[in-house]
Amino acid sequence: MVEDIVSIRLPVDETFRIRKNVIRNGAGKRLCVVTGIHGDELEGQYVCFLLNCILNQNPELLHGSVEIYPAVNPLGIGSIERGIPGFDIDMNRTFPGSDADVMTESIAHALVDDLAGADAVFDIHASNIFLTEIPQVRINELHRDTLVPLARQANMDLVWVHANSTVLESTLAYSLNSIGTPCLVVEMGVGMRLTGEYGEQLTNGILNVMKQLGMWDGEIASVKTPIVSDGQDEVIFLNAQSSGMFMKTKRHGSWVGKGETVGYVFDPFEGKVVEYVTAAKSGLLFTIREYPLVDKGSLMGRILVRGTEEA
Amino acid sequence: MKESILFRMSHIYRDDFRVRAFTFGQGEKALCIVGSVRGNEYQQLYICCRILRRLKRLEAEGRFAEDRQVLVIPSANPASMNIGKRFWPIDNTDVNRMFPGYALGETTQQIAAAVFEVVNKYRVGVQFTSFYTPGEFQPHVQMMRTGYENPEKARDFGLPYIVMREPRPYDTTTLNYNWQIWETDAYSVYSGTTTRVSEEGAELAADAVERFMVLNGILKGTPSRAAPSRIFRYDDLLKVCTTQAGFFRDLVKNDERVSAGQALAEIIDPCAGDVLETLRSPADGVVFFRYNDPLIYAHTAACKILRDPQQRF
């Protein structure tokens, strides 16, 4: 059953809608899958599709409600724009919203209101168009105790507990977790693309979480044990030292040794390599630059510092 | 006047990115003025043009105090200004959401760090900032309540209004907030417009800065006369919001006195031509903010009214 969460007339003969598909079988818990806050991140679209297919084919195996929100920023998705077109703002910096004086704030407010009280929420992202990520859950350290046990069930490669930042208090996940609605932020793949294997991996993880919550009687494929970085591990960021074009030589998910090259920045104009990007320490390269053009300072990768391969 | 480059960064195909600064006087770092940080802040850059021209003249006239130094940074983001983009050309990040910056971090963090390392040494900081919502405000000084704010000193600008605002989570990475935290008296001066240059607004802002400099011993001379500023909380403004979307037709101007019940604007159906909604003032007061794009969304503030001080609700 498709329901409107938000329905607002736009100026010229169009209605803005945020919709969810509610799949229900009897009483029980409620799990929500949200994606598309950033209009250029599409990886969650495939997860919504797969989950819908599985649930539609096996409705009797569900106990409770699954609510799928595939496009909470429909204007952004429709115009391949990360933020909300017309406002030039990042929707994930508008939460918890208000019923005040800007349309985007009232939309954010309505979305939080609708999700509040769910037993679990997945907020699916795809990093951005610049970076490729291994499938991971990111957790604010303030919500570690509630979320890490849930994240371990989600069939992800990595669970990254990171430090709190005041800026992140404007995100959907922070707003929901602050009111006691557990919300896992998933980052996987890359912006503007679909990665089939990651979509399948996360879909299986969501079904596994549903099983743990007593919502799903169906079969679950084997579930990964993630690497859990509980906030004590060091994560190092690789930043470009110069402007140019980047060619990666290591895939995301590779284990790299100290000093190992993960890619290089080149100058097509003069035909020379201007910089080799190397790992300052050994560990898991869980993020790698995807978009070739780089400025000085552009993020090239992230390494979870670990001495030995665990995955 | 001395000209310097605070930050330089090469680009594979564009000219070097430079943050340029101008220093007047010497001695105590008394005042730092920052113009545009975003690529569409043309008015903010223009105010700096006016101020720089004025400061050059005042310096030639020997009006600077002997032990006071003033720094002006007209634009911290020329790369975005030159392509008409509000945020950073490649990754669309906002330099004014990167303070205090990180010298080893991402590009806009590095820019913010280079700027902040210089500007945080000044006793007073003035930034000509902008709002992201389309519309024009009455000229005013705005301050966030951080525990370090100094609203009484803001009266020295001589602008008619001083607005106090509670910081929101994302404000903690703005220049103004970090200035305050690092013990610089920080003031955001709004001259009304952002993408449109207003000669009147620029002159008003330049006058305000000059008055502040005189009253604080940075410039010698007699301060210009100004009426006392009214201090109020941003949340005290009465928002008049749309419930319908369509063409926005305003019926009042900024600074206009309005009465309770007076029509402020109409929302018109762009296809059928009907008036969908007439927005009315909830109280007697002055128009402090007025929306100014042709089309308006529903649930959007079309006007903000500063009610008369004696009214009680």
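Me: What makes chain A a chain of two domains in this predicted model?

Reply: The model is predicted, and the division of chain A comes from a domain assignment, which gives domain 1 (2-229) and domain 2 (235-305). Taken over C-alpha atoms, the centres of domain 1 of chain A and domain 2 of chain A are separated by 29 Å.

Me: How do you know that domain 1 of chain A and domain 2 of chain A are in contact, and how many residues take part?

Reply: Contact requires heavy atoms within 4.5 Å. By that criterion 14 residues of domain 1 of chain A are in contact with 16 residues of domain 2 of chain A. The area buried between these two domains is about 1,300 Å², and carbon and sulfur atoms give 68% of that area. On the side of domain 1 of chain A, the residues A:F130, A:L131 and A:T132 supply 39% of the area buried against domain 2 of chain A, more than any other three residues.

Me: Why is the pair A:E133 and A:R302 called a salt bridge?

Reply: The rule asks for a side-chain nitrogen of Lys or Arg within 4 Å of a carboxyl oxygen of Asp or Glu. In A:E133 and A:R302 the closest N and O atoms are 2.9 Å apart, so the pair meets the cut-off and is called a salt bridge. Across the interface of domain 1 of chain A and domain 2 of chain A, the rule finds one salt bridge. Eight residue pairs in polar contact are also found across this interface, both residues being at pLDDT 80 or more.

Me: Which elements supply the side of domain 1 of chain A that touches domain 2 of chain A?

Reply: Two or more residues come from each of β6 (131-140), β7 (158-162) and β9 (227-229) of chain A. The most is given by β6(A), with six residues. By class, this side of domain 1 of chain A has nine nonpolar, three polar and two charged residues.

Me: What makes A:E105 and B:R168 a salt bridge?

Reply: The side chains of A:E105 and B:R168 meet at 3.4 Å, N to O. The cut-off is 4 Å, so the pair A:E105 and B:R168 qualifies as a salt bridge. Across the interface of chain A and chain B, the rule finds one salt bridge. The count of residue pairs in polar contact between chain A and chain B is seven, both residues being at pLDDT 80 or more.

Me: How is chain B divided, and how many residues of its domains are in contact?

Reply: Chain B is divided into domain 1 (2-232) and domain 2 (237-307). Their centres, taken over C-alpha atoms, are separated by 31 Å. Ten residues of domain 1 of chain B are in contact with 13 residues of domain 2 of chain B. These domains bury about 1,100 Å² between them, 59% of it on carbon and sulfur atoms. In domain 1 of chain B, the residues B:P134, B:E136 and B:Q138 lose the most area to domain 2 of chain B, together 49% of what that side buries.

Me: Is B:D308 called buried or exposed, and why?

Reply: The relative accessible area of B:D308 is 12%. Buried means under 20%, so B:D308 is called buried. B:D308 is found in the segment after β18 (301-307) of chain B. Not counting residues up to four places away in sequence, B:D308 touches B:R230, B:R257, B:D284 and B:G285.

Me: What makes the pairing of B:D308 with B:R257 a polar contact?

Reply: The side chains of B:D308 and B:R257 are paired at 2.6 Å.

Note on methods
Residues are numbered from 1 along each chain as its sequence is written. Chains are lettered from A and ligands numbered from 1 in the order in which they are written. This is a predicted model: local features need pLDDT of at least 70, side-chain atom pairs count only at pLDDT 80 or more; totals for chains, interfaces and linings use all residues. Side-chain values use heavy atoms; hydrogens and water are left out. Domain bounds come from an automatic or database domain assignment. Buried area is the accessible area (1.4 Å probe) that two parts lose on being put together, summed over both. A polar contact is a pair of N or O atoms within 3.5 Å; within protein, one must be able to donate a hydrogen and the other to accept it, and residues adjacent in sequence count only if both atoms are side-chain atoms. Helices (H or I, at least four residues) and strands (E, at least two) are DSSP runs, numbered from the N terminus. Ala, Val, Leu, Ile, Met, Phe, Trp, Tyr, Cys and Pro count as nonpolar, Asp, Glu, Lys and Arg as charged, and the others, Gly among them, as polar. Buried means under 20% relative accessible area, exposed over 50%, partly exposed in between (1.4 Å probe, protein chains only).
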